[in-house]
Structures are given as C-alpha cells and as structure tokens.
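Please examine the protein shown below.

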Amino acid sequence: MAATDTTNPSDLFSAKDLVIVITGGGSGIGLAFATALHNTGAKKVYILGRRAETLHSAAESLDKTKTAVVPLICDVTDPFNVKAVVETIEKDVGYIDVLINNAGISGPNHTKAHTAETLQELQEILLSNWSGWGNTFAINTSAVVGVSAAFLHLLDKGNGRRGWGIGKLSVGGEPRKRKEVEGVESSDLRTSQIITVSSIASFNRYVTAGLAYAGSKAGATALGKALSTMLGPWGIRSNVIAPGIFPSEMTTHAPPQFPFDKIPAGRQGTNEELAGTILYLVGKGGAYVNGNVSVVDGGRLSQMPATY
C-alpha cells in the first residue's frame, strides 16, 4: 500500500462482518463493547454471562430479534458450561474472529487498610473475606486461559475463513500464507484475536478496591501478554485493554468528576471512549497490534504510584 493511498475511517474502525464473543457482555464495559461492535456491522455478537434476565434485556436493547446479538448463559469458571457454549456457537456459525475476555468481579475490599490506625486493625482488614479470593481469581484470571483455550479451534477456523493458512508455523520458516477469499478484501490483513479486559489496578500500587482484584487483574494482564507469545506460531493475536474508571456495576460508588491529581481528565471515561478503543483493536487499523496493553484511564496512573 502506497503512502498516498486513501483510507476509509469506517473500515479502519469497524467490526463489519466479524463474529465476536464477549464474556460478561450483558452490562457495563461488556455491553458498551457489544453496542459499538453491533452498531458497526458485526455479523454476530454473542454476549455471555450468568444472569439470564440481564443478558436477554441487553440483547433486546440492541437487537429485538436476538439473531445478531445473541445472549448465552455461561459461567466462565465452569469448563463444562464453557464447552457447551462453544459447541452452540460452533453449530451456529462454525468460527469466531474475536474473543473478548471481559467477565470480572471486584472481590474482597481492602480500601480501609489505608486508614487503619493499628497493626491489629490492618490485620483484620486484610484477613477479612479470605474465601472470596478464590472466586475472584477464578473469574478474573483463570478464566482468561480457560475460556481462550476452549475457543482456540474456532479462532483458527476464523483465520481459515479469511484465507489464512491454519495450523502452526515452524520457527524461522516462511510467514503465514494467505489466499484470496470472496467477500474478504485483499487489503484486510486482520487475523483472529483474543482481547482481555484487565484494569489499571494491575499496575496501580495504591489499592483502590482490593488486593484480590489488583492481583487477579495483574495476572490477567500477564496472561494476555503470555498468550500473544504462545499463540504467535498459530496466527492468533492476543491484546489487553486496561481501563480506568468507566460506568459499570463496579464503579457505582465512584463520583462522576475528579480533581486533576486523581484523574487529569477530571472525570470518568465514556462509552464512546471505550468504543473507540475496541473498534481500533478489532478494525483494520488494529491488524498489526499484538501483545499490546492499551491503558485507557484519563491519565489516572500518571498521578498514582504505579508500575506501568
């Protein structure tokens, strides 16, 4: 492509004709993603979650027929449930282009640790709800690998549908070949992709929710990057989005506005800003992005002790 060739923004930032799966897709960030992807022409958006009423309400709000936006009950911590959902999607369309690991919970809250006056008080705060750690890591971290693994063959088939050779490449060998496929533009160089929704909590050393949440999201970020390396020979990309404060069930306690020393942007993020991030990654403009962590936080990490 010559530098003087014209580009079409609607192609660069579009989910047109893609088949996409979103865990935790019935509310919050997941629903914001589903809305943007459906509104830019995705062929199918499967929204997965545990709450039937929430899922069906979300699907109907975008597609009354629930044929383009399909709600599927799924507990991402249950391998048998995940397998059943994968089989349903395989029978329905036979492949997927993008998997978005978005399901998450906040876990035990440790914010009172910052105001503890005695060591005993700090101990009590840190030891509270110990049993909640397991479920937090199961949903926020372990499921990133479990759900991704379950969908790998459908992501591989997604590559094949776009004309890419499937299977594993040899180290130091020829790059993956591609043949012309009807309905897929030769300039569309996208390959299948996993996107993991982590959090800026994975980088922030000041606990704003809980240590379990921060640790589990740090794990999710690390796993998203590790999958990029592991799946490189298979032609499947893996990227991570680390959002700051956006409207969701987890942030109902958060104020709409902030002083600059908390968030330089002075506010929570918007659904439009989430849409811009996801559409870049799934669109033609993001085809060369792999192993990346996109921090979208209004500058919050720049004002806090962080490792990013």
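Which residues of α8 are buried? They are Leu 274, Ala 275, Thr 277, Ile 278, Leu 279, Leu 281 and Val 282, where buried means under 20% relative accessible area with a 1.4 Å probe, protein chains only. This is a predicted model, in which local features need pLDDT of at least 70, side-chain atom pairs count only at pLDDT 80 or more, and totals for chains, interfaces and linings use all residues. Residues are numbered from 1 along each chain as its sequence is written, and side-chain values use heavy atoms, with hydrogens and water left out.

Helix α8 covers residues 271-282; helices are DSSP runs of H or I with at least four residues, and strands are E runs of at least two, numbered from the N terminus. Among the elements that cover the buried residues of α8 are α2 (28-39), β5 (193-197) and β6 (237-243).

Strand β5 also supplies at least two residues to the lining of the largest cavity, but α6 gives the most, with five. A cavity is a set of points on a 1 Å grid over the protein atoms alone where a 1.4 Å probe fits but cannot get out, and lining residues have an atom within 4 Å of a point. Of the 13 lining residues, those closest to the centre of this cavity are Asn 101, Asn 102, Ala 103, Ile 139 and Val 144.

The second largest pocket is an open set with protein on both sides within 12 Å along at least five of seven lines. Among its 15 lining residues, Lys 16, Asp 17, Gly 183, Asp 188 and Arg 190 are the closest to its centre.

Conventions. Expected span 1.5 Å × (residues − 1). Buried < 20%, exposed > 50% of the residue type's maximum accessible area, 1.4 Å probe, protein only. Contact = heavy atoms within 4.5 Å.
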